[in-house]
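Please look over the structure shown below before reading on. The paragraphs after it go through the chain part by part.

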Amino acid sequence: MRRLWKPGAVAAALLGMAAGAALLLGGCTRSQPEVSFITEGNPAKLSDWHLMTVSSGRLNLNAGVVPYDLNTPLFTDYAQKLRTIWMPKGVSASYDAENTFNFPVGTIISKTFYYPKETGGGKAVLATYDSSRNGGDRLDLANVRLMETRLLVRRADGWIALPYVWNADQTDAVLARTGEQIPVEVLHEDQTRKPLTYVVPNVNQCAACHVADIKSRQFQPIGPKARHMNRDYSYDGVSSNQLAYLAKLGYLSGLPEDVAKAVPRNANWRDSSQSLDARARAYLDINCAHCHNDKGAANTTALHLNMGAPANLHLGLCKPPVAAGAGTGGHTFGIYPGKPDDSIMVYRLNSAETGVMMPELGRGSVHREGVALIKEWIAAMKQGCDQR
């Protein structure tokens, strides 16, 4: 038998606000039952958790389900994402300047993947960064197609991953522990149309990316780190720093008072006003570093792509591959400074072929703009490997 832990409205309990102010937390609706933290088993439907509901043509978050975003997000076949955090009353995550925050038992982190729909009655989905028609954190289902919602649930014995696939009516999502493949047509901004098999990972594939330490096999969220989340978000039209907002709610303890000066912050990879190096490193950090670090699943490659890793051989500069094969494309170095087209990193990012492409999971198409960024970054480096 499943046991449910149902705390009261988090906003009122934590902040002592008037009851009406709870509506500010993620555009929630009063008609929803309280969020259910399910301590065991694998609920068959996303609605069993009461994190969100579809009503009035929108996806509405429940009270205390707080949306957030990342400075530079992981690429997933151009899907856009609505991320949320919920915690039961009386507990909070512990701040960490470098690693994933230490989240308490009862935490539920969700990530809903969706695409804007083609206008004019077409059936394609859009590969676009334009979010003006999406409806913010109350997704407008007339304009977006929901694909899946992945939950990370912190139970007493650790994190579990549960992927839910949205039904054709866009009314609920069903558990898909073995994964799913969804055919879609993607309309790109250059007006080209391409078929795509959108892949929902199975729970074992989730672990392949979320195991932060290959020795301890510790499963961790990837995105909720200080450097990824240190940015502003518009909560019901009021812009606030996300970390400060979570601390104010009681969801985050130990946050330094001077967030601007004391908390690390990754660049936005698309913001050309920030340095090219910062943007490229942020892109590699979120897309690659969960495996490519000194403790991760790819630590045997000695390629460390996490933010803060030194810009030397371990970053790929003039680094020969640890194994030959199709993944090298016949190239000599991971990064050949000044020569992006001769770099293994660009070759693998620019491929969608199994056994060649990197990352290995999470995409079936090439991220054109991401590849262009990394090529520009490598091209700007001082050319040559002779003296490295």
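**Contacts of one serine, and what surrounds it**

Setting aside neighbours within four places in sequence, Ser-110 is in contact with Leu-51, Met-52, Leu-82, Arg-83, Thr-84, Thr-149, Arg-150 and Leu-151, where contact means heavy atoms within 4.5 Å. This is a predicted model, in which local features need pLDDT of at least 70 and side-chain atom pairs count only at pLDDT 80 or more, while totals for chains, interfaces and linings use all residues. Residues are numbered from 1 along each chain as its sequence is written, and side-chain values use heavy atoms, with hydrogens and water left out.

Ser-110 lies in strand β8, residues 108–116. Helices (H or I, at least four residues) and strands (E, at least two) are DSSP runs, numbered from the N terminus. Is Ser-110 buried or exposed? Ser-110 is buried, and its relative accessible area is 1%; buried means under 20% relative accessible area, exposed over 50%, and partly exposed in between, with a 1.4 Å probe and protein chains only. The side chain of Ser-110 also makes a polar contact with the side chain of Thr-84, at 2.4 Å. A polar contact is a pair of N or O atoms within 3.5 Å; within protein, one must be able to donate a hydrogen and the other to accept it, and residues adjacent in sequence count only if both atoms are side-chain atoms.

Now consider the strands. β8 pairs with β11 in the antiparallel sense over 9 bridges, and two strands pair if DSSP finds at least two bridges between them. Pro-116 stands opposite Val-144 in β11. In strand β11 (residues 144–155), 10 of the 12 residues are buried, so the strand is largely enclosed by the rest of the structure. β11 is also joined to strand β12 (residues 158–166) by 8 bridges, and these two run antiparallel. They form a hairpin with 2 residues between them. Arg-154 has Trp-159 in β12 as its bridge partner.

What does the largest nonpolar core hold? This core has 54 residues, of which Trp-49, Leu-51, Ile-85, Phe-101, Ile-108 and Leu-151 touch the most other members. A nonpolar core is a set of buried Ala, Val, Leu, Ile, Met, Phe, Trp, Tyr and Cys residues joined through side-chain atoms within 4.5 Å. A second, separate core of 36 residues includes Leu-276, Tyr-283, Leu-317 and Met-381. In soluble globular proteins, nonpolar side chains tend to be buried together.

Helix α4 (residues 242–249) has Gln-242, Leu-243, Tyr-245, Leu-246 and Leu-249 as its buried residues. Seen down the axis of α4, these fall within an arc of 160°, so they line one face of the helix; the arc is that of the directions from the helix axis to the C-beta atoms. At the N-terminal end, Asn-241 caps α4, with a side-chain oxygen 3.0 Å from the backbone nitrogen of Leu-243. Gly-250, which follows α4, has a positive phi near 95°.

Asp-236, in the loop between β18 (232–235) and β19 (238–241), has a positive phi near 50° and counts as exposed at 55% relative accessibility. Cys-318, in the loop between α6 (276–288) and α7, has a positive phi near 60°, but is buried, with a relative accessible area of 9%. A cis peptide bond joins Met-358 and Pro-359, with omega about -5°.
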